[in-house]
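Here are a few friendly notes to read alongside the model. Please keep the 3D view open as you go through them.

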Amino acid sequence: MTRDTEDSGRTSLESARLDPALLEVLVCPVTQGPLKYDRVRGELVSHQLGRAFPVRDGVPIMLVEESRALDDDGGDSTS
Amino acid sequence: MTEAPTIPRFFDSAAQRRNRTRAAPGFDGFDFLKREAVLRMADRLALMRRDFPLCLDFGCHDGMLTREIMEGGKVGRVIQADPAPAFAASAAGTGPAVAVEYDALPFAAGSFDAVFSCLFLHWIDDLPGVMAQIRRLLKPDGLCLVSLLGGATLAELRGSLLEAEQELVGGASPRTAPMADIRDVGGLLGRAGLALPVADSDRLTITYTDMFRLMADLRGMGEQNALLARSRTPARRQLFLRAAEIYHDRFAAPDGRIPASFEIITLTGWAPHESQQTPLRPGSAANRLADMLGTAEQDPEA
């Protein structure tokens with residue numbers, strides 16, 4: 001995976017490829033609640049569910065079995 | 001984690017996702033049925049006298065439907081969704097794509113001007129539930145246009161396998177998926193709250209040299225048996241050899257080729273909107289039927 005360096009101040013290629021129209025309509029598959037896009041980790045975070053869904057090459061993987069519990073490693077990196 | 005509501009389970013979604021994932025890399029060698037259904041769906045869309053700026057393609061496979069309908073100029077953007085991440089990844093070459101659960105669509109209510117699904121919904125356990133989700137995703141006057149394999153699909157294969165198993169084992173286990181009957185699925189549209197519902201069915205027959213070629217095609221499409229209740233003991237070679245004989249004896253044409261039937265059911269409905277034609281309220285008629293018929297009205301109670 002190619003990414004811009006962390007200190008360049010630009011968004012990563014990963015986030016540039018997540019389509020804004022897609023991001024606008026996506027919700028959590030379980031709670032139907034909002035998702036927050038964590039550009040650094042390349043994850044869509046459902047705080048209501050307490051899980052994060054991976055984004056692979058611009059394709060959100062909205063499968064619970066592929067998602068990560070936020071508590072496993074001290075939560076997500078969004079504020 | 002919230003507990004999912006209990007729905008009768010016919011399908012094993014993990015096995016289905018595995019089948020689709022295995023089929024994804026070589027799908028273009030086995031996409032003839034999808035291609036046929038895509039062309040028929042695009043023809044229907046071409047007849048609609050309006051545009052659909054934002055659409056969803058549920059069960060997108062490799063993105064074939066989206067590529068076809070984008071050419072027609074009636075659709076703006078299409079978001080593609082598939083339960084197999086491998087298919088979502090290959091559809092991403094066509095436009096935005098996302099991997100989704102079979103029965104939990106991760107989209108906000110009222111997002112889409114149209115929801116399409118081409119040869120996918122026959123793998124859904126809770127079809128009424130998914131149709132209700134589709135209805136919820138539509139904007140007012142949004143279009144639901146979906147096709148799925150119907151109950152007449154693979155009738156010859158089902159019959160041959162059943163007969164061979166009864167002969168050899170004295171019982172039968174389900175080896176092809178249960179499929180929707182046109183009479184049952186027609187009612188789904190109304191039940192989901194979709195207006196102006198239309199259901200119709202098309203038959204296709206594809207001929208094969210033998211049953212094993214047909215079964216290889218079904219695997220290539222990712223459509224092989226994924227029944228939850230399927231027999232856990234591997235099917236014996238003998239069973240399939242006998243079924244192939246029965247298939248040939250019952251159905252082969254003079255040239256020795258065997259037919260395989262596919263039924264494609266297409267459902268069309270619209271999210272309700274005040275501009276749509278609706279039936280008049282009972283009792284609101286301005287003329288008496290009896291007057292128009294030139295007879296006297298009769299009171300059935302009399």
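1. A word on terms before we start: a residue is called buried when its relative accessible area is under 20%, exposed when that value is over 50%, and partly exposed in between. This is a predicted model, so please read every value below as computed from it.

2. Let us begin with B:R50. Its relative accessibility is 25%, so B:R50 counts as partly exposed. The side chain of B:R50 meets that of B:D141 in a salt bridge, with an N to O distance of 3.5 Å. This pair links distant parts of the chain, 91 residues apart: B:D141 sits in strand β5 (residues 138-149) of chain B, and B:R50 in the loop between α2 and β1 (52-58) of chain B.

3. Because B:R242 lies in helix α9 (residues 237-251) of chain B and B:E167 in helix α6 (residues 155-169) of chain B, the pair ties together parts that are 75 residues apart in sequence. B:R242 is partly exposed, with a relative accessible area of 23%, and B:E167 is partly exposed too, at 46%.

4. Over all chains, the structure holds 17 salt bridges. Please also look at B:E36, B:R40 and B:D202, which are linked in a network of salt bridges. B:R40 and B:D202 come up again among the residues that line the second largest cavity.

5. How many cavities of 30 Å³ or more does the structure hold? There are 3. The largest has a volume of about 80 Å³, and its lining includes B:F27, B:H61, B:H122 and B:E223. By class, that lining has 5 nonpolar, 2 polar and 2 charged residues.

6. The second largest cavity has a volume of about 40 Å³. Both α2 (32-46) and β7 (258-270) of chain B supply at least two residues each to its lining, and the largest share, 4 residues, comes from α2(B). The lining of this second largest cavity has 3 nonpolar, 2 polar and 3 charged residues.

7. B:V98 is worth a click: leaving aside residues up to four places away in sequence, B:V98 touches residues of chain A, including A:L22, A:V59 and A:M62, and residues of chain B, including B:I79 and B:F107.

8. Finally, is B:A260 buried or exposed? B:A260, in strand β7 of chain B, is buried, because its relative accessible area is 0%. Not counting residues up to four places away in sequence, B:A260 touches B:E156, B:L204, B:T205, B:I206, B:Y208, B:L214 and B:Y247.

Conventions:
Residues are numbered from 1 along each chain as its sequence is written. Chains are lettered from A and ligands numbered from 1 in the order in which they are written. This is a predicted model: local features need pLDDT of at least 70, side-chain atom pairs count only at pLDDT 80 or more; totals for chains, interfaces and linings use all residues. Side-chain values use heavy atoms; hydrogens and water are left out. On a 1 Å grid over the protein atoms alone, a cavity is a set of points where a 1.4 Å probe fits but cannot get out, and a pocket is an open set with protein on both sides within 12 Å along at least five of seven lines; lining residues have an atom within 4 Å of a point. Grid points are joined across faces, edges and corners, and a volume is the space filled by probe spheres set on the points. Ala, Val, Leu, Ile, Met, Phe, Trp, Tyr, Cys and Pro count as nonpolar, Asp, Glu, Lys and Arg as charged, and the others, Gly among them, as polar. Contact means heavy atoms within 4.5 Å. Buried means under 20% relative accessible area, exposed over 50%, partly exposed in between (1.4 Å probe, protein chains only). A salt bridge is a side-chain nitrogen of Lys or Arg within 4 Å of a carboxyl oxygen of Asp or Glu.
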